[in-house]
Amino acid sequence: MKNVGKFFQTIGKKLPFLKSLKFRIFLLCFLMSIIPSLVLYYSVLKNYEKRVVSVRESEAQTQLRVLANHLILYGYLEDPASEIVNAELAQFSSFYDGRVLVIDSNLKVIKDTYDMSTGKTAVSEDIVNCLLKGSKAATARYDRQDSYIEVIMPISETASLEDADYSGEDVQETVHGVLLASVSTETVRTTLELLRRRAELLNIIMGLVCFTLSLLLSELLVRPFEKLTTKISAVRAGYSSDPVEVHDYLETEHIVDAFNEVLGRMRALDESRQEFVSNVSHELKTPMTSMKVLADSLLADPNTPPEMYREFLTDIDNEIDRENKIIAELLNLAKMDRRQVPMNISTVNINALLEIIMKRVRPLAQQRDIELTLISERDVTAEVDEVKMTMVFTNLIENAVKYNKEHGTVKVTINSDARNFILTVEDTGIGIPEESQGRVFERFYRVDKSRSREVGGTGLGLSITKSAVLLHRGTIELTSKVGEGSTFKVTIPLSYIRVPDQDTAAGQQHANPIH
Ligand code: ADP
């Protein structure tokens, strides 16, 4: 099967037109229309010949049987002078355009309608057989080559047997001689020849009609695909940006739907790329503008007191930190958006890792009297990329503190089942409005820009978090209520699932513009 496939592939490469749908449809239509007419042509001619020959054979046999009876009746074998019988023999001979030989039991020809063999001895296996076996050995043989039928008929008498002891056939045949006749089939041949010529002409006309129709049909049937190619080419060349529409076939509709979907995705990708570039420029420009304003105001007044200098320089320093943070996070995202993200997988004690992170975040929580608790339902060790997992945990716990109310609480719970570990970070903070819940994972999306800025946010944290979770083939879910708080639930497989060429999955899910 494989070899057959390979064979067709090589043929297709050598003769590219064989791969053309148009050619295949043409060939199929042409063959399907021409083959039945050819089959019909040959079978009709063959059947006609068979039928005519068999009718002629049985006619001749019946006639000869009557003749044989007359031969017996008129004692022709003893005295071949009977005019009636001779006339009948001549009539048969002329009617069938053939020759009749009357042969007696000594194989002597006592009458030949052609008068060529009278008196001679006729020896042939069929004649001897017929003499010995009677009607059972009567034969009729068609010689196609020389256009005649040879019939052998016994000249015999039959007597009914009334003897009860006789245990065989109930008639007894006494063979006195044999009739050997040749019946011409010349008329059959000429009629056949005539029919064949007509049929051939008809076939040629049919062939031409089928050829033209098949050509037209293949052209018509393939036209929607050509239309499709033209439209897709127009989109590719940039003449058109409208969705492609070719409704002629269900198949073209499917192709068009798939193409339009890809087109839509590419457009979305393009838009998100543009949006991202403008967001990045804006985000990077904001700290720059602040620094410029601060520096300009210092330069404008040569008598600025040293405390003011210190204050402004501290602000500039903060802006530089912010700028650095944005750049560092952008780099993090860029790393995770690569086609092949390197995953540094090791077995990590998740509880211990969480404790370290909690310790780091605690001072921030204490500043606003936020209670930070870690509930370890189970001891969890999992195969993860420790650096990326640290980013996930830190971002979620830091956000829970950053967007919390004063004296609020943050509850971090770690649990596991047979396949995954589950981390929930629950806070009693400001919450996220329903319409923003689906968007907080987008780059630079912030529910309240000024609040995020105040707490040192860049709008990239959750985007990085989601990418890292997806790289671990995990999921992240958010439930939140404004004014009551938010819960982020992260589910990660305990064993890292290695799928070849799949490390790109996370990056691609975002239609990511950073490369
Ligand atoms: P940022 O650096 O601004 O915190 P993130 O990507 O981490 O960016 O978060 C995006 C936005 O989602 C935040 O600006 C904030 O509006 C909202 N957000 C994230 N976590 C929480 C939370 N725990 N409670 C309320 N809002 C949150």
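Colleague: Into which domains is the protein chain divided?
Modeller: In this predicted model, the chain is divided into domain 1 (25-158 + 171-191), domain 2 (250-333) and domain 3 (341-511).

Colleague: How far apart do the centres of domain 1 and domain 2 lie?
Modeller: The C-alpha centres of domain 1 and domain 2 are 109 Å apart.

Colleague: Let us turn to the sheet. In what order do the five strands come?
Modeller: The order is E7-E9-E10-E12-E11, in an open sheet with mixed pairing. Strand E7 (371-376) and strand E11 (475-481) are at the edges; each has a single partner strand, so one side of each has no neighbour in the sheet. From one strand to the next, the twist averages 10°.

Colleague: And how many bridges join E9 to E10?
Modeller: Seven bridges link strand E9 (residues 409-416) with strand E10 (residues 420-427), and the two run antiparallel. Val410, for example, stands opposite Asp427 in E10.

Colleague: Which strands does H9 touch?
Modeller: H9 packs on the sheet and touches E7, E9, E10, E11 and E12. The direction of H9 makes about 20° with that of E10.

Colleague: What about H12, where does it lie?
Modeller: H12 lies across E11 and E12, and runs at about 140° to E11.

Colleague: Now pockets. What volume does the largest pocket have?
Modeller: The volume of the largest pocket is about 650 Å³. Its lining consists of 32 residues, and Asn399, Lys402, Tyr403, Gly461 and Leu462 lie nearest the centre.

Colleague: Why does the largest pocket lie between two domains?
Modeller: Domain 2 (250-333) and domain 3 (341-511) both give residues to its lining, so the largest pocket lies between them.

Colleague: Which element supplies the largest share of that lining?
Modeller: H9 does, with seven residues. The elements that each supply at least two residues are helix H7 (306-336), helix H9 (386-402), helix H11 (449-454), helix H12 (461-471) and strand E12 (485-493).

Colleague: How do the lining residues divide by type?
Modeller: Twelve are nonpolar, twelve are polar and eight are charged.

Conventions
Residues are numbered from 1 along each chain as its sequence is written. This is a predicted model: local features need pLDDT of at least 70, side-chain atom pairs count only at pLDDT 80 or more; totals for chains, interfaces and linings use all residues. Side-chain values use heavy atoms; hydrogens and water are left out. On a 1 Å grid over the protein atoms alone, a cavity is a set of points where a 1.4 Å probe fits but cannot get out, and a pocket is an open set with protein on both sides within 12 Å along at least five of seven lines; lining residues have an atom within 4 Å of a point. Grid points are joined across faces, edges and corners, and a volume is the space filled by probe spheres set on the points. Helices (H or I, at least four residues) and strands (E, at least two) are DSSP runs, numbered from the N terminus. Ala, Val, Leu, Ile, Met, Phe, Trp, Tyr, Cys and Pro count as nonpolar, Asp, Glu, Lys and Arg as charged, and the others, Gly among them, as polar. Domain bounds come from an automatic or database domain assignment. Two strands pair if DSSP finds at least two bridges between them. Axes are lines fitted to C-alpha atoms, for helices over the stretch in contact, and angles run from 0 to 180 degrees between N-to-C directions. Contact means heavy atoms within 4.5 Å.
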